[in-house]
Amino acid sequence: MNQRHFSRHLPLIAFSVLIGLGVMFFITYRVFGGSWETMTNAPNYVSLIIVNALIGFCVLLFVVELRWDALRVILTVIFALLLGGLVTAVFFLDAANKYVQGEFRVQVVSDAEPLIDMGYGDRMTELFNNPNVDEPVKEVSYQFVGREGDEIAVLAYVEDRNADLDMAVALLDANDEVLAEASGATEEQLRTFRRYLKTENDAVIESFVLPADGTYSVVARMENPDSDARGEATVVVVSEGGESPVDMAYNAPVGATFNAPNASDPITEAAYRFAGSRGDVISVLSYAARSNVAVDLEVALVGPDGAVLAESTGSTAEQVAAYRPNLNSERDAIIEGFTLPASGIYTVRTQPEPLTTSMRISETVSQTADAYETFLLGPLSRQNRWVIWMRDALTLIMLGLAIAIVFRAEQFSLGADGQLYFGALAAGALVLAFGDLPKILLVPVALLSAATAGFLWGLVPGVLKAYLGANELVSTLMLNTVAARFYEMVITEQLQPPDAGFTTSDWFASNGLLTPIIDVAGDQVTIAVYLLIILVLITWVLIQRTPLGYEIRMIGANIKFANFGGVNSKRTIMLAMAISGAVAGLAGAHLAMGIHRRLILNISLGLGFEGVVVALLARNNPLVVPFTGLLYAYLRTGAQVMERDANVSSEVVRIIQAVVILLITADALVAFFRQRRITRRGTIELDDGSGEAGGLTASAQEVAHG
Amino acid sequence: MDNTLFESVLQGIFSSAFLASILRVTTPILLPSLGALISDRAGVINIGLEGTMLVSAFTGVVFSAYAQDWFGASTGADIGPWLGMVMGVLMAILMALLLAFFHLKLKANLILSGIALNVLGSAATIAIMFELTGERGNTKGSLASLRMPFIQLPEFLRDIPVISFFFRIFDNQSVMTWIAFLSIAVVWYFMYRTPTGTHLRAVGQNPEAAASVGIRVTRIRYLALVISGVFAGLGGIHMSMGYLTFFQRDMTSGRGFIALATPYLGGGHPVGTGFASLVFGFFDALSNRVGSLNIPSQLPQMLPFLATVLALVIYALQAQLTSRVRTLRSAEGEGFDAVFWKAIQRLSVLHMFLAMLAVFGVIISLSMFAAPNGFDGPETAYPVGAAVGAFSLALIGINLPFMLHVERIGRQVIASAAASSLTLWLYLGLLFGLYLRTTSLKDQSIVLGIILGLVAGIALWLALGGQYLMRHQRREASG
């Protein structure tokens, strides 16, 4: 680069340096939560900052290498992310439903004496004639409400047969007129009510039909107040109808669950009756049962005649404060300080507030935004997530480099997965077998053997393609499955320790592990970072500065032209696929020796395809692959965080991946926009020299430049 | 190895039930294969078959399950499968149109767009399954999906002696299996007997020439991709509503990719594609059967995929040979001996096929060395593995010269005959021997196997063209 050239590119370089620094500072700031102390307290924080500086440098390279194309890459990713956002929104379409479902409570708060003491079936027990108190109880009175036509039986009985307490009972109406009386029970009555009555001393009013709606009282007394007999007597009103006309009393909450998700017949509204006297001052509360239930309630008070007396759809902050802990939020509804106009049975009706479309939309949008925020910032939210991002990125960058090499030669080899399996297997088997060799020997040998295994497995489809013309796409896909099964077989049959609970090899000896440079609670970033820098440089030199790389680029640009130009295309294609295999094998070694620290089943799970995205985004440029690998690993890590925190399937990121591939290879899109630019400027810049020619086809111009 | 277990597995393999299971597992390979064939012949190979199958499999399951809610249990059970099939195929067509739009309109790379389609299909089905059912693995238990009806043949056929054997093969097969095999004829008719089919083949062979005679290349390619989508959709429906009765994530497990290989193996012809699919079906069914033997289950699972690679190799070698013969024909003109070269070509396929089968032996022997514990421990595995490996390498070695230089088949007739019949003898002897073990001739199985193998090997060699070569050579020697 001569002086004139340099000065011409100065603005670009300055711009990219600024962006790189910005990215570095932003990441460092987020990871440490913006706190200087957190940073200096963190172990290995210097290494972490160095790695962040490397990330910044990757960004710089990305901008410098791709220039305007970088803009297209970023725009494509942003567009795909927007689409991904739409997909995420699908998961929150029913987000607003939380406002109409959940457990609720209804309570009538009042200081007034309750109008009634009991309902049908309630057993009221009192200790009669206790000599140890000043005024022993000789007579009790209980109120209950009944409906016209209810057929009831009133019983007063003594549970203890030996108590010798002789009871009498009377039923009175609201005006204290005696409606019925009894002082004993017949043999037949004893049989009929044998669940209650014990002796003929117990009293029963049988089959009494209530004349009107209203309150009634039961008076139970000792038949002979002067006797010494003492004991516990129970009063109960039994109704043939069985159902009490009231559901609740003052200050006693009742409740249920609205729209329970798994109920076959979910409740959508509820009504509870209570009895009140004229002049009672009450407050009616309808509230979510727990603070994490978000149901939004409304409540109405209905009088005895069916007229709605008061309604409420919410509460004020003061009311929430006053009625804590019952009320928790302003979504809960309250009718405060209502004075009952007459005695009788009132009904409290409550239901979730109906959802409006705007509520549905705003709730979906806000939840999606929340989830997407965890997606986009998740990898920086904790140090260990940053580590996971980094080590995923290292693997993806290696795979991206591997794919970039073959794609540069226009060979659609997808064999990275299989080569990765064999790389991992070779490195792993070596480390497991020779765990006691010194580290300085073992690690390089293991890495080398992984690269060799990958090279050989890449050589197979290479030879098939180069010398036989076998479709490399199909052959690599098939060989991937063969490799995966072979790997699986060796792990299950040979490497799995007999006592292992699930299919995995033994842990590697520490001599066989890549040395960690950053360790956050067991999650490590290893020296693979530095090895990767060398690998990127080697790949770049191979493609841009060696005869073989030149041939690879020639073949990629135009294979017929390359053949005419004397390129041994068969040998070159074979070597390109094999070298790509070697790099993919190293990725496998990194997975085994740097991340999992043993051989696990499903070590890859389609990583090869993700390498394709990384290489495509980088325009198969080895210097840009680190940035796109980081970018894609960032999205992957973010998606995992989102899956955990927001319960959105992490497959969203693979949908984004598909969209990115489609858009980044759609050459006509570029042509369309370029057409616009030309029309606008009226000129065509020819000496630009950047990789404007999109897609895989590295332009002939580019080849000539390299 | 347990002898009785081994024999029961053998009996399973040599039975009509095994043939029936071949048909069953061939169906989800055959249907997308026909799709791949049509798209391939139009010059727009549809890599996205795998993802398309997943989408239609999932759509079918969902609609068949919801049909019971919408139309009531009994009506839903009747129309549910068909509704699922229609919706599944419609979704598959949408996927194909997406690919067609991006490739034909937006000029995206066909192969990479196809990859994107696969990623999309896999991810979208899992994501929507999670949204609908809360499950990440499969819909078993969470979606009460239906399956396509199974066709019962008339009962009286069961009692007719020879037909009863076929009855047991074809009875109680899914309607999708029938659709699949009938589709071979439909595709053949479409490709060779309709104008559109002819245009389609023309477009695939030379798009510029086709365009110059007024064929609308883009429209034909749209059509080809849509048809491939339909077949992939049908294949997907069979996966989730016949082969299994629920949707499972990535349940097609590579069948969409195998389907890309079968047209190559089948010589680009529907009938050939059908046979190629049956080969994969055979390996698939075989891997299910021998799974109960005391060997690692992964080994038989590799076979179909390995077979695909080998099929690619054979196809590629054949394509090279054909073009060479074509050059020779134009160079020699009148003096070209067509029958002679036909014979050589057939025999070269034989050599290739035999060598490729031996590759299985190499893989088995490698597996035995890599994981001896899976094969009764190192004491058994190492010697057996070494023997199998040595034999396989030897077989490849004696056949290889005739693969690399096919002229040698003509020049060294005796050596070629010896190599191929020796190999055939071994294979057929093994096959007969194994078959006889399941019959009453069990004790003589080894001797009979050796004799039958030798006879059949030589007979096959003669039938494929050896007999002509012998005569030819005698003529050359005398003249």
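**Where the chains meet**

A: Happy to! Let's start with one pair: Arg249(B) makes a salt bridge with Glu651(A), and their closest N and O atoms are 3.5 Å apart. Keep in mind that this is a predicted model.

Q: Which elements of chain B give two or more residues to the side that touches chain A?

A: They are helix 4 (73-105), helix 5 (110-133), helix 11 (255-265), helix 13 (298-332) and helix 14 (338-370) of chain B. Helix 5 of chain B gives the most, with 14 residues.

Q: What kinds of residues are on that side of chain B?

A: The side of chain B that touches chain A divides into 35 nonpolar, 11 polar and 5 charged residues.

Q: How many residues does each chain bring to the contact?

A: Chain B brings 51 residues and chain A brings 48 residues.

Q: What about the area buried between the chains?

A: About 4,300 Å² is buried between chain B and chain A, and carbon and sulfur atoms give 76% of that.

Q: New topic: is Gln411(A) buried or exposed?

A: Gln411(A) counts as buried, because its relative accessibility is 4%, and the cut-off for buried is under 20%. Gln411(A) sits in the loop between helix 8 (383-408) and helix 9 (416-433) of chain A.

Q: Which residues does Gln411(A) touch?

A: Not counting residues up to four places away in sequence, Gln411(A) touches Val406(A), Lys465(A), Glu472(A), Ile573(A) and Met577(A).

Q: And where is Ala426(A)?

A: Ala426(A) is in helix 9 of chain A. At 22% relative accessibility, Ala426(A) counts as partly exposed. Leaving aside neighbours within four places in sequence, Ala426(A) is in contact with Ser449(A), Ala450(A) and Ala453(A).

Q: Last one: how many helices and strands are in chain B?

A: Chain B has 18 helices and 2 strands. Of the 479 residues of chain B, 53% count as buried. A compact globule with 479 residues would have a radius of gyration near 23 Å, and the 25 Å of chain B agrees with that.

Notes: Residues numbered from 1 in each chain as written. Chains lettered and ligands numbered in written order. Predicted model: local features only at pLDDT ≥ 70, side-chain atom pairs only at ≥ 80, totals over all residues. Heavy atoms only, no water. Contact = heavy atoms within 4.5 Å. Buried area = accessible area lost by both parts, 1.4 Å probe. Salt bridge = Lys/Arg side-chain N within 4 Å of Asp/Glu carboxyl O. Helix = DSSP H or I, 4+ residues; strand = E, 2+ residues; numbered from the N terminus. Nonpolar A, V, L, I, M, F, W, Y, C, P; charged D, E, K, R; others polar. Buried < 20%, exposed > 50% of the residue type's maximum accessible area, 1.4 Å probe, protein only. Rg over C-alpha atoms; globule rule 2.2 N^0.38 Å.
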